[in-house]
Amino acid sequence: MTTQPKLPRAVAPREPVPQLQRAGMLDRVEKRLRGLLNDEHRRWRTADARGAGIVESLAELVAVGADRVRPVILLTGYLAAGGDPEATEAVEAAAALELLDTCTLIRSDVRDNAALRRGIPTLHVSRAAEHERNGWAGEARRFGESTATLAGDLALSLGDRLAARLPAAAWQLWDDMRTERVIGTYAHEAMAAEYLDDPWPGRCISGCDRGCTAGWYALRHPLRLGAALAGRTDLDTAYDAYARSLHAAWRLRGFLDGGPEYDWDAELLREILLEREERGIAERLIRELVDRASRTAASSRLADGWCEELTAFAVRIAAERG
């Protein structure tokens, strides 16, 4: 009787090493954020129960931010530059960046009077509702807005606490990013108020220097911060070029397919400008921009596997929605 050879057991395919490294660091970012906010809540629950309430609201908003877009990009820039996945500084910086982004979102929601953020009521709306339920003195709307502004201040303060011990080159980028986000946001609001805000992303495509708070600061700054933490400031030029092309593709995709920044005026402009042929030209332009970003990644001296990951990331960012 012959025995059948044993077949090897099926093994589930593993993610590529770059993705595994980044996922592991993102898990540590989550733990850092959760631990920081839990510690802060315990501290104020004892010292001032009212103060603990604003920490709880901030923690709830941070907890539902599952995509962690900015930390993902920072860690991508860090690992692609050859950064040590076991080091702590990049985790601290990524957590700080998520808190800075949370501050920006809270303040944006107040300016836009948004009702929902990440599937839950915005902070100024929930606090205004609390004011009304309890019959407190003053105007509920103003209470909600001022409370939300303070929560944004708290997020920024905690982010700065995490960033305080970054190496000098990384901290300088953090400081520049903080300032430029404020100036960029003001410029955007002023242009909208002056009826100068144009939904067509022509300035981004032609290579504007600053871009917009939603795209440019979400790409260029986190990538460069990651490179600085890895001791690879020589990648600044390559990361700038990659971010510039990808940012333009992302903005053009948003204009074509619609999104939170593209309301009725963008829809009207699309109907006027984009017949089938013009839309085809715009789609080709997106592909050219993604190809340009991919070529930049391919020509850069990056860690093994990260040229392909940056190329795949560019394709995902500019992919047609729907």
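Mentor: Let us begin with aromatic rings: rings of Phe, Tyr and Trp pair if their centres lie within 6.5 Å, and planes over 60 degrees apart count as edge-to-face. Please keep in mind that this is a predicted model.

Trainee: How many aromatic pairs does the structure hold?

Mentor: The structure holds one aromatic pair. The ring centres of W136 and F143 are 5.5 Å apart and their planes stand at 75°, so the pair is edge-to-face.

Trainee: Why are both a distance and an angle quoted for a pair of aromatic rings?

Mentor: A pair of aromatic rings is described by the distance of the centres and the angle of the planes.

Trainee: Which secondary structure elements does the protein chain have?

Mentor: The protein chain has 13 helices and two strands. Of its 322 residues, 46% count as buried. Among contacts with a separation of 6 or more, 73% are accounted for by residues 24 or more positions apart. The accessible surface of the protein chain comes to about 17600 Å², and 53% of that area belongs to carbon and sulfur atoms.

Trainee: At what angle do helix α4 and helix α6 pack?

Mentor: Angles over 145 degrees count as roughly antiparallel. Helix α4 (residues 89–112) and helix α6 (residues 140–163) pack at an angle of about 165°, with their axes 8 Å apart. The two helices α4 and α6 are therefore roughly antiparallel to each other, and their crossing is left-handed. Residues making the contact include A95, L99, C103 and I106 of α4 and A148, G152, A155 and G159 of α6.

Trainee: Let us turn to the backbone. What is the phi of R68, and what is the phi of R118?

Mentor: Phi of R68 is near 50°, a positive value in a residue other than glycine. Phi of R118 is likewise positive in a residue other than glycine, near 55°.

Trainee: Where are R68 and R118 placed, and is each buried or partly exposed?

Mentor: R68 lies in the loop between α2 (49–63) and α3 (69–80), and at 3% relative accessibility R68 counts as buried. R118 is found in the loop between β1 (116–117) and β2 (120–121), where R118 counts as partly exposed at 25% relative accessibility.

Definitions and conventions:
Residues numbered from 1 in each chain as written. Predicted model: local features only at pLDDT ≥ 70, side-chain atom pairs only at ≥ 80, totals over all residues. Heavy atoms only, no water. Phe/Tyr/Trp six-rings, centres within 6.5 Å; stacked < 30°, edge-to-face > 60°. Helix = DSSP H or I, 4+ residues; strand = E, 2+ residues; numbered from the N terminus. Buried < 20%, exposed > 50% of the residue type's maximum accessible area, 1.4 Å probe, protein only. Contact = heavy atoms within 4.5 Å. Areas by Shrake-Rupley, 256 points an atom, 1.4 Å probe, with all protein chains shown as cover. Axes fitted to C-alpha atoms, helices over the stretch in contact; angles between N-to-C directions. Parallel < 35°, antiparallel > 145°, perpendicular 65-115°, else oblique. Left-handed = near helix turned anticlockwise from the far one by under 90°.
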